[in-house]
Amino acid sequence: MEEPDAEPPLMVVPGVDSAARQLCFEWGPAEMLVCETLFGGRGGCRRAPPRASPGKPRFLAGAGEGRPSSSSVFVVRKDQDVYVQTLRKLFNESHGIFVGLQRSEEELAGKSRKAHLVQVSKNYRSVIRACMEDMHQAAVSARDPALHSQYSTQVSILSAMELIWNLCEILFVEAAVAGPLLIRLLDWVRLHVCDVNNMVREVLSSENPSKHELFWNVVDVFVLQGRMDEARHLLSKEASANPASLTMCRVLDDLMKKMPVPSLGNMQTLTELELKWQHWHEECQRYLQDGTFASNSHMESICKVLLGDENAILEKKELLTTWYHFLVTRLLYCHPTVKPMELRFYAQSSMDLFLGGESSAEPLDIILMAAFEFEIHQVIKECSIALSNWWFVAHLTDLLDHCKLLQSHNLYFGSNMREFLLLEYASGLFSHHSLWQLGVDYFDHCPEYGRVYLELHIERIPLNTEQKALKVLRICEQRQMHEQVRSICKIMAMKALRNNRLGSALSWSIRAKDAAFATLISDRFLKDYCEKGCFSDLDLIDNLGPSMLLSDRLTFLGKYREFHRLYGEKRFSEAAKLLLMLMTAHIAPCSFWMTLLTDALPLLEQKEIIFSAEQTYELMRCLEDLTAGKSDKQKLQDDDVETMKVEMLRLALARNLARVIVKEGTLEGS
Amino acid sequence: MEDVCAKFVSQKVSKARWRPPPAAALRPPDCFATGSWDNEDNRISIWSVGDLGSVGLNGEYQGEPQLLCDIRHNGDVMDMQTLSANQRWEKAHYHVDRGAACGGAACTGVICNNPEIVTVGEDGRINFFRADQKDAVRTIDNADSSTLHAVTFLRTTEILTVNSIGQLKIWDLRQQRNEPSQIFSLTGDRVPLHCVDRHPNQQHIVATGGQDGVLSIWDIRQGTMPVSLLNAHEAEMWEVHFHPSNPDHLFTCSEDGSLWHWDTSTSVSEKPSFLHQGGKSSTFFAHNTINQSVVSAWLSNDPTKDRMEITNLIPNQTLSVNSLDVLGPCLVYGTDAEAIYVNRHLFA
């Protein structure tokens with residue numbers, strides 16, 4: 001058994017007397033039931049043994065006099081992020097991207113595949129950013145300070161997520177090579193270090209920027225972020241405002257202009273770039289040593305930065321704000337042709353130099369460091385620990401898996417990491433009353449355990465309306481989960497039956513092809529008929545159609561009703577044939593034979609002869625079968641009505657037989 | 001499809017309906033309502049889609065629907081219609097005992113013909129209300145032994161209902177007996193029917209959608225079986241709508257996530273286009289033809305003669321499209337992926 005990575009956090013259940021220290025619990029699919037087991041009783045306490053029996057929540061609400069006790073059952077949920085309203089957009093939009101990614105998997109190959117994966121990654125990020133925007137708006141407009149702080153925390157978590165994702169996109173998905181790597185990292189830093197943006201805006205929008213006190217800070221920011229054009233633009237303002245420094249500005253401007261940077265296209269090889277950079281570096285060195293910038297300390301420090309002097313860069317710590325900014329600036333001015341595999345050394349030293357032992361690394365720093373070291377599994381593991389919700393790690397891992405970057409080392413309980421995270425995330429979705437529909441698609445794309453999880457979860461969705469039941473059923477049918485289909489249809493059919501909606505019940509059992517239930521419903525109908533003497537719900541029975549064949553009893557019901565209809569329309573011979581067929585083909589249940597024979601009476605008593613001799617013999621046989629089946633004891637118990645019925649039948653049959661023999665015997669009749 | 005504007009609304013959308021602009025105004029509708037379902041706290045929201053001329057704060061989102069207001073709704077929103085009314089009718093649908101707390105049944109469909117309102121529900125009951133009266137004007141108990149899924153007006157005195165055993169029933173409101181005046185059934189399997197709509201001009205043409213995604217066209221003047229069955233979707237068809245002013249166009253949406261536009265207007269140029277607003281001229285034309293026998297394209301489905309164009313309006317389908325509404329050149333639809341989509345240039 002492995003050791004837990006972090007201490008499990010302590011959670012206090014409000015409303016429970018924690019001093020009493022008597023709690024029992026039971027696991028559910030996504031939550032836990034907890035209740036107290038110490039009750040006030042007269043003269044003592046009753047302790048219920050906290051034995052966990054799987055699947056059965058135990059309600060231990062106790063009555064008791066004496067000390068009042070809490071008789072509630074508490075539901076403890078693991079995943080509370082799922083219930084944050086503002087995150088719902090994130091879940092839905094990312095679901096769309098996820099499904100699109102899984103579906104497009106097969107089509108592409110090679111370079112276009114990589115471009116496609118980068119695009120998917122960008123889509124995820126834009127979804128995170130959109131969510132951040134909304135959350136920010138919500139935070140701004142929130143009156144309640146607790147709510148405001150909650151939203152603000154969420155915003156910072158989301159922005160950290162986007163930061164990490166962006167870095168992973170650069171290093172893993174796009175797998176930028178030396179050269180473009182630096183460009184991407186610069187973009188990354190520019191996008192995410194935004195503490196300085198206000199200052200920049202302020203200076204740029206002032207009337208006389210060069211006179212602003214923060215002017216040089218802004219120039220430094222531009223230089224540190226490699227935004228040479230903007231730095232030069234500001235320098236020209238300084239040059240025009242301050243003619244004394246004109247020469248210095250021109251020199252600096254020239255240096256900045258000539259600085260060689262990696263290009264995104266393949267226009268120059270790395271060696272060319274290195275050569276050019278070497279020359280440029282030497283030129284900067286010359287100017288510095290000549291004392292060109294001696295009179296202006298700002299420009300001198302800028303030149304030092306251009307030369308990659310780490311101390312000079314470190315002096316601008318407040319403008320850098322983070323160690324990864326320091327790292328990128330360092331790389332820009334010391335090693336612009338850095339290779340991906342070399343990043344780890346620079347990252348480690350940058351962090352040490354920047355933090356300088358004053359502050360310890362925060363979780364975010366650890367995650368970023370792991371990314372720079374190309375330890376993907378470590379990144380995911382650290383993120384899982386730091387974040388409260390599986391959303392981030394599940395989607396990121398899935399994307400990285402599509403990039404074929406995760407070795408399939410199996411976790412000790414069986415499935416691989418991607419699948420494990422997706423399963424956890426989707427299970428969290430299923431605990432939500434509405435987001436369960438998203439979870440279905442996630443389970444679909446977990447090849448090993450997805451189906452089993454789905455089967456277990458989908459049966460537990462509460463079905464309040466028929467429409468919801470239909471949607472759940474459709475999901476089960478599309479995946480050939482016949483067990484679940486049957487179970488859901490049975491639940492709905494029972495509900496309908498209890499509410500006396502026989503037609504609904506029948507339509508549910510037809511959907512499930514549940515013959516047993518159809519038999520139950522037909523028996524109900526027949527019972528109603530026997531009690532009331534007429535059929536209820538004729539619109540249903542008259543229009544059964546091919547579904548009649550679902551169960552024998554149902555067929556009988558349909559045919560029996562047809563018999564009544566034929567009789568009503570005075571099509572006696574057809575009615576007679578049908579009646580006989582019902583008995584001889586054993587479609588009718590034995591209990592009903594008496595009723596059928598009694599129905600035959602009026603036909604036998606008609607003036608014209610309906611039953612032929614053969615048919616009359618058949619009827620007699622049926623009657624005899626019926627009476628012979630009864631034991632002697634039953635015959636004694638039969639009341640007068642029963643015996644009279646049998647007598648009348650025998651008489652009618654005999655009379656009919658007599659007439660029909662005569663009729664068939666004569667010349668016209670045969 | 002650049003004209004389609006999507007918005008994620010953090011609630012699964014069960015119904016979307018345009019608010020009809022006042023009859024005198026000839027502009028397209030700019031306001032619609034949506035209802036949510038499966039939330040602990042369901043809401044009915046009213047949205048406005050701004051004019052295209054106006055540019056909002058972020059220029060690129062100028063077409064996005066803006067929330068005007070919303071109101072809490074008890075239970076899932078199953079159906080919506082526009083009417084001015086000031087009433088609430090509680091417990092209109094219930095199973096056995098009206099007073100029982102858990103005996104309520106879902107009301108699945110509602111239709112209005114100002115000031116009359118008709119509702120149907122899972123309890124097989126049909127209720128008639130008037131906008132100004134507190135109690136139901138009339139109730140037909142046990143009108144159907146199965147669930148009634150949808151209702152629509154056939155004429156002012158007749159309504160059509162569809163139920164979950166594949167039957168289409170016509171009820172004559174002038175008669176006092178509680179029996180349908182006509183019953184139509186599907187051939188073959190009695191698949192539940194989920195939606196029904198009547199042709200705006202030719203009232204004998206009715207379209208229904210079923211649980212197996214089949215679109216059935218019925219001619220209620222003749223026969224008790226559908227005239228044509230068109231295999232459409234792969235899952236339940238939730239809504240079917242004839243375009244109110246261009247009835248050669250039909251729209252269906254389904255659980256399988258697709259929304260289909262059925263177009264029977266043939267491409268022959270001499271046939272005058274019906275594509276202008278106002279239904280009067282098209283019916284006028286229909287009565288005045290001399291040489292052509294105007295059997296509506298919906299009834300005569302000879303594949304060699306009439307070409308029916310069917311387009312799926314959704315490129316990447318994921319979750320179910322629960323509802324759609326079409327009015328003039330504007331289409332709105334809502335999905336289970338918690339998004340609403342508006343297209344204001346349907347026939348461009």
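Because the model is predicted, local features need pLDDT of at least 70 and side-chain atom pairs count only at pLDDT 80 or more, while totals for chains, interfaces and linings use all residues. Residues are numbered from 1 along each chain as its sequence is written, chains are lettered from A in the order in which they are written, and side-chain values use heavy atoms, with hydrogens and water left out.

**Domains of chain A**

Chain A is divided into domain 1 (10-76), domain 2 (83-177 + 374-458), domain 3 (191-322), domain 4 (463-569) and domain 5 (570-670), with bounds that come from an automatic or database domain assignment. Between domain 4 and domain 5 of chain A, whose C-alpha centres lie 31 Å apart, 16 residues of domain 4 are in contact with 18 residues of domain 5, where contact means heavy atoms within 4.5 Å. The buried area, which is the accessible area (1.4 Å probe) that two parts lose on being put together, summed over both, is about 1500 Å² here, and carbon and sulfur atoms give 75% of this area. On the domain 4 side, A:F556, A:F563 and A:Y567 lose the most area to domain 5, together 42% of what that side buries.

One salt bridge is counted between these two domains, a salt bridge being a side-chain nitrogen of Lys or Arg within 4 Å of a carboxyl oxygen of Asp or Glu. The side chains of A:R571 and A:E569 meet in a salt bridge at 2.6 Å, N to O. The elements that give two or more residues to the domain 4 side are α24 (515-532) and α26 (552-568) of chain A, and α26(A) gives the most, with 12 residues; helices (H or I, at least four residues) and strands (E, at least two) are DSSP runs, numbered from the N terminus.

**Chain B against chain A**

Chain B, which has one helix and 24 strands, places 47 of its residues in contact with 36 residues of chain A. The area buried between the two chains is about 3600 Å², with carbon and sulfur atoms giving 45% of it, and in chain B the residues B:F8, B:S145 and B:R190 lose the most area to chain A, together 16% of what that side buries. Six salt bridges are counted between the chains.

**Salt bridges**

Side chains of opposite charge can pair when their charged atoms come close. The table lists some of the pairs in this model.

| Pair | Closest N and O atoms |
|---|---|
| A:R88 and B:E338 | 2.7 Å |
| A:D229 and A:R232 | 3.6 Å |
| A:D398 and A:R418 | 2.7 Å |
| A:D401 and A:R418 | 3.8 Å |

A:D229 and A:R232 both lie in helix α7 (residues 228-241) of chain A, three residues apart, about one turn of the helix. With buried meaning under 20% relative accessible area, exposed over 50% and partly exposed in between (1.4 Å probe, protein chains only), A:D229 is exposed at 59%, whereas A:R232 is partly exposed at 22%.

A:D398 forms a salt bridge with A:R418; A:D398 lies in helix α17 (residues 391-402) and A:R418 in helix α18 (residues 417-430) of chain A, so the pair ties together parts that are 20 residues apart in sequence. A:D398 is buried, with a relative accessible area of 0%, and A:R418 is buried at 10%.
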